[in-house]
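Please look through the structure shown below with the following explanation at hand.

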Amino acid sequence: MKEVSQIVSGFKESIFATMSHLANQHQAINLSQGFPDFDGPSWLIQEHKKALDLGHQGKNQYAPSPGVLSLRQSISENYRKFYQLEFSPETEITVTNGATEAIFISALALLNPGDEVVVLEPFYDSYVASIEMAGAVAIPVTLHAPQFELNWQELEAAFGSKTKAIYLNSPHNPSGKVFTKEELVRIGNLAKKYDSYIISDEVYEFLTFEDAVHIPIASLEDFGERTITISSTGKTFGLTGWKIGWACAPPALSHALRMVHQFNVFSVSHPAQVAMACALKRIDSYLPEFRSTYSKKRELFIEGLRNCNFNPLAPAGTYFVMCPIPDQGTTDIEYCKKLITEKKVAAIPPSAFYLKAKDGERYLRFCFAKKDETLMAALKNLA
Ligand SMILES: Cc1ncc(COP(=O)(O)O)c(C=O)c1O
């Protein structure tokens with residue numbers, strides 16, 4: 001039999017699957033994968049059920065390929081309201097199967113074999129896989145721990161005549177960093193200087209804490225003309241299984257994205273889009289409780305980790321916390337396995353999110369999007 005694709009044969013099982021499998025085997029409390037262990041809002045689940053009963057209006061058949069118009073309108077209104085960004089529902093917004101599809105179609109829409117794409121490590125693991133599936137090359141630049149800062153010389157050195165794009169993620173998984181306006185302007189100016197696109201993954205846009213503020217890079221200077229802004233309802237509404245995300249970009253870029261999307265999935269779950277259109281209209285009344293719930297979980301978990309003699313790095317955004325490994329000389333993978341077998345708590349070893357630096361080997365990533373009792377039980381085991 002002939003071999004499968006060379007690119008695909010190089011891919012390994014994702015670290016999330018590996019750790020969740022091990023956690024299940026040892027009945028460990030799973031703080032590894034990034035999703036809540038509690039349900040999304042019941043009113044929104046009701047909206048989904050209502051949409052399922054609209055079969056006579058065709059809501060159980062294929063949705064329009066770019067997405068249900070009312071959802072695209074709600075997305076557009078929210079960008080205007082929160083960030084003074086204008087995206088036309090008709091030509092600049094494409095609904096995707098979660099942010100993951102938006103990340104993938106961005107790579108396929110923009111890249112030719114041999115192009116280079118800058119990725120900031122640690123990175124969300126689908127960036128590099130998407131770049132490689134497009135035949136392009138990922139050029140890693142390290143966000144240096146513990147502050148996860150860029151070295152600007154290193155960043156500029158990664159750009160060159162072959163650079164087609166940069167993947168940016170703010171608020172950043174796994175570090176919890178929220179990029180400042182100054183940092184975004186410097187990154188945007190580099191992208192401009194090297195005529196590169198910016199693929200900006202903003203799925204944690206509403207999960208910022210204390211005085212951190214999320215700024216979409218497309219809202220700064222004239223960077224919008226070269227930016228694909230990606231987000232998702234999965235994290236914001238705690239319904240990651242519905243996989244409703246989107247990509248927003250100027251018309252010519254959106255056209256290219258839609259061409260890939262139509263031959264990739266064609267369209268996304270119709271009833272879930274109808275429900276999410278309603279959810280986005282109610283976001284103003286939803287967000288305050290969402291934010292305060294996660295702020296409390298962040299405090300509870302960080303305080304608890306400190307009491308267990310860990311020294312967590314308080315995240316400015318996302319629902320992850322990076323924590324230096326207390327044992328010198330133990331790698332993140334060894335330590336995570338030990339935590340699962342001995343303490344019955346699963347975390348993610350962040351070295352999986354690096355191509356170049358070894359920084360990840362010194363940290364653990366915990367997810368605190370869990371019920372308070374789950375967090376308390378995990379802390380009891382860690383004590
Ligand atoms: C940074 C980042 N981007 C994208 C995603 C995937 O989003 P979705 O579930 O909408 O595909 C995740 C999920 O963990 C993430 O952490």
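In which strand does Phe366 lie? Phe366 belongs to strand E11, which spans residues 363-367, where helices (H or I, at least four residues) and strands (E, at least two) are DSSP runs, numbered from the N terminus. This is a predicted model, in which local features need pLDDT of at least 70 and side-chain atom pairs count only at pLDDT 80 or more, while totals for chains, interfaces and linings use all residues. Residues are numbered from 1 along each chain as its sequence is written, and side-chain values use heavy atoms, with hydrogens and water left out. Phe366 has a relative accessibility of 0% and therefore counts as buried; buried means under 20% relative accessible area, exposed means over 50%, and partly exposed lies in between (1.4 Å probe, protein chains only). The C-alpha atom of Phe366 is separated by 12 Å from that of Pro36, although the two residues are 330 residues apart along the chain.

The sheet can be followed next. Seven strands form an open sheet with mixed pairing, in the order E2-E8-E7-E6-E5-E3-E4, and two strands are said to pair if DSSP finds at least two bridges between them. Its edge strands are E2 (93-97) and E4 (137-142), each of which pairs on one side only. From one strand to the next the twist averages 25°, an angle between axes that are lines fitted to C-alpha atoms (for helices over the stretch in contact), with angles running from 0 to 180 degrees between N-to-C directions. Within this order, strand E7 (residues 227-232) and strand E8 (residues 244-248) pair in the antiparallel sense over four bridges, and Ile230 stands opposite Ala247 in E8.

Ile15, Phe16, Met19, Ser20, Leu22 and Ala23 are buried in H2, and they lie on the same side of H2 because they cover an arc of only 160° around the axis, the arc being that of the directions from the helix axis to the C-beta atoms. An α-helix has 3.6 residues a turn, so residues three or four places apart point the same way. The face of H2 turned away from its buried side carries the exposed residues His21, Asn24 and Gln25.

On the surface, Ile7, Val8 and Met133 form a nonpolar patch with about 220 Å² of accessible area together. Met133 is in helix H6 (residues 126-133) and is partly exposed, with a relative accessible area of 36%.

The backbone also deserves attention. Most residues other than glycine have a negative phi, and most peptide bonds are trans. Gln27, in the loop between H2 and strand E1 (29-30), has a positive phi near 50°, and at 71% relative accessibility Gln27 counts as exposed. Asp195, found in the loop between H8 and strand E6 (197-201), has a positive phi near 45°, and Asp195 is exposed, with a relative accessible area of 58%. Two cis peptide bonds can be located as well. The bond from Ala145 to Pro146 is cis, with omega near 5°, and Pro146 is in the loop between E4 and helix H7 (152-158). The bond from Ser170 to Pro171 is cis, with omega near -15°, and Pro171 is in the loop between strand E5 (163-169) and helix H8 (181-193).

Conventions:
Patches are made of residues with over 30% relative accessible area and no salt bridge: like charges are joined within 9 Å, nonpolar side chains (Val, Leu, Ile, Met, Phe, Trp, Tyr) within 5 Å. Accessible areas come from the Shrake-Rupley method with a 1.4 Å probe; for residues, only the protein chains shown count as cover. A salt bridge is a side-chain nitrogen of Lys or Arg within 4 Å of a carboxyl oxygen of Asp or Glu.
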